[in-house]
Amino acid sequence: MKKSSFFPQGTLPKLLLCIIFVAFVFFPFAQMVLKITPDDISSVFNSRSFMPALTTSLKCTLTTTAISVTLGIILAFCVNRTNIPLKGLFSVLLVLPMLIPSISHSTGLIVLFGTNGILRSVLGMTETIYGFWGIVIGSVLYSYPVAFLMFSDALKYEDGSPYEAAEVLGIPAGKRFFAITLPYLKKPLISAIFSVFTMVITDYGIPLKIGGQHTTLATLMYQEVIGQFHFGQGSVIGLLLLVPAVVTFVFNLISKKQSKMGYVTSPMNIKKKPLRDVVSFGFCTVVLGCLVLLLGAFALVAFTVKYPSNLSFTFDNLVRMFNTGGDRALQNSLIISVIVAFIGSFTAFVTAYFTSRMPSRLSNVLHLFSITSLAIPGIVLGLSYSMTFSGSFIYGTLAILILANLMHFFASPYQMMYNSLAGMNQNLEHVGLTLGINRFRIVRDVILPQSKATLIEMFSYFFVNSMMTISAVSFLANARTKPISLIIEQFNAQGNYEIAAVIAIIILFANISVKAIVAIVTGAIRKRSVKVFVKEE
């Protein structure tokens with residue numbers, strides 16, 4: 001008698017997961033779109049502020065993308081293609097801007113180059129940071145780590161064999177770069193350009209604080225919804241912001257389908273070139289010095305009585321932060337981040353297992369649904385949730401913030417686990433079935449132990465991003481549920497830069513702590529795996 005493939009193929013749980021994505025991603029987005037009226041469209045496009053905002057967005061985003069991608073690829077080459085010392089330290093410290101909310105970068109720049117900026121006074125500058133270049137500089141700090149990580153990951157796993165063959169054939173280094181390296185980096189380059197462009201054009205934190213008279217589409221959308229409660233007009237702008245995200249999503253989808261699995265048969269042989277190494281080390285040091293200045297500005301302001309009139313050292317700002325609602329906001333953020341990290345990691349693992357190791361047509365649909373949130377910017381997802389769930393029992397609670405963060409950040413951890421599980425031997429379950437071992441035991445005793453490091457990385461990703469996000473939750477939080485990242489603007493608007501700086505340091509400290517714990521645990525897991533492998537050999 002032929003056994004039914006219904007339960008062995010996981011059809012029911014796959015279907016339930018698909019329904020969850022439809023209910024909490026596609027349905028809210030459709031609701032937002034359906035509520036747009038012709039009057040909303042005409043109001044946006046006929047508005048005096050629309051074209052200047054669009055022009056500013058494009059100019060700032062294109063300029064930032066060019067600088068961030070260039071900076072990212074140079075830093076990646078310095079770390080992965082030279083013999084500079086402290087490579088590991090540079091790799092960690094150069095991505096620190098990713099661990100604080102985007103609006104904090106603008107706060108740091110104001111402290112350094114604002115009207116009463118420390119460096120502005122020291123250098124005797126006549127201009128302030130507010131305006132076009134303020135947006136660009138803040139956005140570069142916010143986005144270049146993404147480009148750096150993408151290029152660094154690509155270069156780290158590049159096969160050295162073609163370079164060895166080219167050297168044997170006497171091909172000069174310049175030609176090797178254009179003939180081997182550039183074609184290899186073509187897809188990471190295009191992906192980095194799209195990713196940085198999408199990040200910058202959909203961010204409202206930096207231009208809101210440091211833009212001055214320059215308004216971007218994201219800040220215009222924020223002002224329409226938060227300031228004037230024009231949800232329909234905000235939805236129209238949200239659809240415009242969706243375009244670059246959709247293009248990025250489609251490109252990544254196509255490129256992954258077309259890409260072939262590569263194997264490193266020979267590691268890169270990096271020869272000693274003193275001049276190159278000195279210049280590379282100097283460049284990385286200069287960039288890191290700029291980051292230290294920014295973080296140093298937070299530390300200076302956070303522990304002064306009143307910036308800039310009284311720079312005496314004090315811990316009172318930390319107490320003031322907790323006494324003015326910061327304690328509740330920090331508690332909210334920790335609760336949200338921990339719950340999102342646990343539920344998100346579990347759900348992403350289960351979903352990735354179904355799609356990677358139980359193939360079917362429904363698995364393909366579920367896989368597509370799982371990565372679709374990449375195409376919806378956080379600010380658009382948050383607005384769609386606000387319009388869809390307003391008046392429901394979860395609106396105005398931590399539950400809707402948890403749900404929004406889960407959906408917003410699900411795709412990347414899911415892909416991490418999907419790639420990890422897809423790389424394992426696909427015959428494990430078949431062998432287990434032959435030996436009378438059910439699928440659950442195979443997962444528990446074989447697959448889970450091999451996936452520990454990836455699971456911990458997923459937990460870290462969910463936690464860190466939930467701690468620092470402002471876009472996905474800005475339309476959903478109220479005074480009682482507001483996370484700590486959202487109260488930065490509240491204190492900035494009141495001129496309490498000291499408390500805003502304290503909050504940025506708290507978020508940075510929390511995220512660094514989690515990252516450090518993750519690095520220690522994953523390192524121990526990998527070390528143990530190597531020992532077990534050597535013992536078996």
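User: How much space lies in the second largest pocket?

Analyst: This is a predicted model, where local features need pLDDT of at least 70, side-chain atom pairs count only at pLDDT 80 or more, and totals for chains, interfaces and linings use all residues. Residues are numbered from 1 along each chain as its sequence is written, and side-chain values use heavy atoms, without hydrogens and water. A pocket is an open set of points on a 1 Å grid over the protein atoms alone, where a 1.4 Å probe fits, with protein on both sides within 12 Å along at least five of seven lines. Its volume is the space filled by probe spheres set on the points, which are joined across faces, edges and corners. For the second largest pocket, that space is about 660 Å³.

User: Which helix gives the most to the lining of the second largest pocket?

Analyst: Lining residues have an atom within 4 Å of a point. Helices are DSSP runs of H or I with at least four residues, numbered from the N terminus. H3, H8 (161–168), H9 (173–184) and H14 (274–302) each supply at least two lining residues. The most, five residues, come from H9.

User: Which residues lie nearest the centre of the second largest pocket?

Analyst: The lining has 22 residues. By class, nine are nonpolar, six polar and seven charged (Asp, Glu, Lys and Arg count as charged; Ala, Val, Leu, Ile, Met, Phe, Trp, Tyr, Cys and Pro as nonpolar; the others, Gly among them, as polar). Nearest the centre lie Arg81, Ala173, Arg176, Lys273 and Arg276.

User: How many residues apart are Lys306 and Glu498?

Analyst: Their side chains meet in a salt bridge at 4.0 Å, N to O. Lys306 is in strand E1 (residues 304–306; strands are DSSP E runs of at least two). Glu498 is in helix H24 (residues 497–536). The pair links distant parts of the chain, 192 residues apart.

User: Where is Leu86, a residue with positive phi?

Analyst: Phi of Leu86 is near 60°. That is a positive value in a residue other than glycine. Leu86 lies in the loop between helix H3 (50–80) and helix H4 (87–93).
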